[in-house]
Amino acid sequence: MLQDKIAQYSDEIHAFSAGTADELEQFRIRFLGTKGIIKDLFEEFKTVSAEEKRVLGKVLNEFKKLAEEKYNQLKDSLSNTGSSRQTHGDLTLPGNGLELGARHPLVMVRTEIIEIFKKLGFNVAEGPEIEDDWHNFSALNFPEEHPARDMQDTFFISLSKGEGDQGSESVALRTHTSSVQVRMMEQGKPPFRAIMPGRVYRNEAISARAHCFFHQVEGLYVDENVSFADLKQTLFYFVQELFGEDTKVRFRPSYFPFTEPSAEMDISCTICKGAGCQMCKHSGWVEILGCGMVDPNVLENCGIDSKKYTGFAFGMGIERITNLKYEIRDLRMFSENDIRFLKQFKTELI
Ligand code: DAH
């Protein structure tokens, strides 16, 4: 019966809601379209008796109004929230492109350093960032009262062994990657030829020139008859590979507890080529690493016979090398993850 159908469709319209413009358009076609339900109902209306027409005419007109009103109301609310666009969008528009990330310059430089030393037969080793006093200091021949053990430089961590314990055993965030040398020599047998990249921590106020964490690469070469000449030639080769053949090196005597003799190595300033600039403080030279012959005490501390074996070691900061390669003046840029900064460093390395 016509009246029953109208009642059923009315219920359907009351219950209907459209989440998208497509759903609403389906609704319009179904009820209000030229081949829609309302059209059909009016056709059917023509076939009923004159008596019924009097009642049903009104009902049918109201039903049509209901459908139209529902349609207009849903149309308004969809265009107000714009949700139709958000849900499905305009499918004819091109898609959103995939944003490519960028390699971090420190990772690129670390990889370059590793590749150069690999050619000389160096392996890569790593060690923990949380270290004990032995590996970070004592085994490396740091005297008990050495200032580097001071709270000023080192982040100490108290390990409490449970309730009531005040943290009797103290460990620290390693202050240098030299701790990995110790672990390596303790665990293996000479010869050793390895480089050890990693993050290190120091209790410094953060500024353009200092940060509380940075990255180093440590190098160690221990075998019979290793001499200071081997050290010089290895580092000279490294510098020429990394910065180019016209880069000069010079060694200055220095002091580290774990090497004897010790030196610092400068290279001719890669930015002004020795003419003098801010980077080299107008000296034409920039220090890039510390190095020396492994102190016999360190070898013995790690169970290695210092009468039979000698070795050299060196340690450099990856940030410093990256600054020299790319003229970055503010260390904080390295840890801000600003994609505009990171995208400037193009590389063929994948
Ligand atoms: N550990 C030193 C530092 O953090 C760098 C260093 C100097 C490492 C001389 C060495 C070395 O292996 O022989 O400043």
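Me: Is threonine 270 buried or exposed, and where in the chain is its place?

Reply: A residue is classed by its relative accessible area, and under 20% counts as buried. In this predicted model, threonine 270 has a relative accessible area of 15%, so this residue is buried. Its place is in the loop between strand 8 and strand 9. Neighbours within four places in sequence aside, threonine 270 is in contact with Phe243 and Leu324.

Me: Which charged end sits over the ring of phenylalanine 243?

Reply: That of lysine 325, at 5.9 Å from the ring centre. A second case involves phenylalanine 45, whose ring has the charged end of lysine 53 over it, 5.9 Å from the centre.

Me: Which residues of helix 11 are buried, and what covers them?

Reply: The general idea concerns helix geometry: an α-helix has 3.6 residues a turn, so residues three or four places apart point the same way. In helix 11 the buried residues are Ile318, Glu319, Ile321, Thr322, Asn323 and Leu324. Their cover includes helix 6, helix 9 and strands 6, 8, 9 and 10. Just after helix 11, glutamate 327 takes a positive phi of about 55°.

Me: How is an aromatic pair to be read, and how many aromatic pairs are there?

Reply: A pair of aromatic rings is described by the distance of the centres and the angle of the planes. The count here comes to 19 aromatic pairs. Phenylalanine 16 and phenylalanine 27 illustrate one arrangement: their ring centres are 4.6 Å apart and their planes stand at 15°, under the 30 degrees that the class requires, so the pair is stacked. This pair links distant parts of the chain, 11 residues apart, with phenylalanine 16 in the loop between helix 1 (2-15) and helix 2 (21-32) and phenylalanine 27 in helix 2. Phenylalanine 16 is partly exposed, at 23% relative accessible area, whereas phenylalanine 27 is buried at 3%.

Me: What form does the pair of phenylalanine 31 and phenylalanine 63 take?

Reply: This pair is edge-to-face, with 6.4 Å from centre to centre and 65° between the planes. Phenylalanine 31 belongs to helix 2 and phenylalanine 63 to helix 4 (residues 50-81), so the pair ties together parts that are 32 residues apart in sequence. Phenylalanine 31 is buried, with a relative accessible area of 1%, and phenylalanine 63 is buried as well, at 2%.

Me: Which residues form one aromatic cluster?

Reply: Phe117, Phe122, Tyr221, Phe238, Phe312 and Phe314 form one such cluster.

Me: Which residues have the most contacts inside the largest nonpolar core?

Reply: A nonpolar core is read as a set of buried residues joined through their side chains. The largest one has 42 residues, and those with the most contacts inside it are Phe117, Phe314 and Met316. Among the elements that give two or more residues to this core are helix 6 (105-119), strand 6 (213-223), helix 9 (228-243) and strand 10 (310-317). Helix 6 gives the most, with seven residues. Apart from this core lies another, of 22 residues, including Val180, Val222, Leu299 and Ala313.

Me: With which residues is phenylalanine 314 in contact, leaving aside its neighbours within four places in sequence?

Reply: They are Phe117, Ile195, Val217, Glu218, Gly219, Leu235, Leu289, Gly290 and Cys291. Phenylalanine 314 also has a polar backbone atom 3.3 Å from an oxygen atom of the ligand.

Me: How many residues surround the ligand, and which are the closest?

Reply: The ligand is surrounded by 15 residues, the closest being His176, Ser178, Arg202, Gln216 and Glu218. Two side chains can be inspected atom by atom. For arginine 202, a side-chain N or O atom is 2.9 Å from an oxygen atom of the ligand. For glutamate 218, a polar side-chain atom lies 2.6 Å from a ligand oxygen atom.

Me: Where does glutamate 264 lie, and is this residue buried or exposed?

Reply: Glutamate 264 lies in strand 8 and is buried, with a relative accessible area of 17%. Neighbours within four places in sequence aside, its contacts include Arg250, Arg252, Glu287 and Leu289.

Me: Where is tryptophan 134 found, and what is its relative accessibility?

Reply: Tryptophan 134 is found in helix 7 (residues 133-136), and at 34% relative accessibility this residue counts as partly exposed. Beyond its neighbours within four places in sequence, tryptophan 134 is in contact with Ala139, Leu140, Val182, Glu186 and Asn301.

Terms used. Residues are numbered from 1 along each chain as its sequence is written. This is a predicted model: local features need pLDDT of at least 70, side-chain atom pairs count only at pLDDT 80 or more; totals for chains, interfaces and linings use all residues. Side-chain values use heavy atoms; hydrogens and water are left out. Rings of Phe, Tyr and Trp (its six-membered ring) pair if their centres lie within 6.5 Å; planes under 30 degrees apart count as stacked, over 60 as edge-to-face and the rest as tilted. Helices (H or I, at least four residues) and strands (E, at least two) are DSSP runs, numbered from the N terminus. Buried means under 20% relative accessible area, exposed over 50%, partly exposed in between (1.4 Å probe, protein chains only). A charge sits over a ring if NZ of Lys or CZ of Arg is within 6 Å of the ring centre and within 35 degrees of the ring normal. A nonpolar core is a set of buried Ala, Val, Leu, Ile, Met, Phe, Trp, Tyr and Cys residues joined through side-chain atoms within 4.5 Å. Contact means heavy atoms within 4.5 Å. A residue is near a molecule or strand if one of its heavy atoms lies within 4 Å of it. A polar contact is a pair of N or O atoms within 3.5 Å; within protein, one must be able to donate a hydrogen and the other to accept it, and residues adjacent in sequence count only if both atoms are side-chain atoms.
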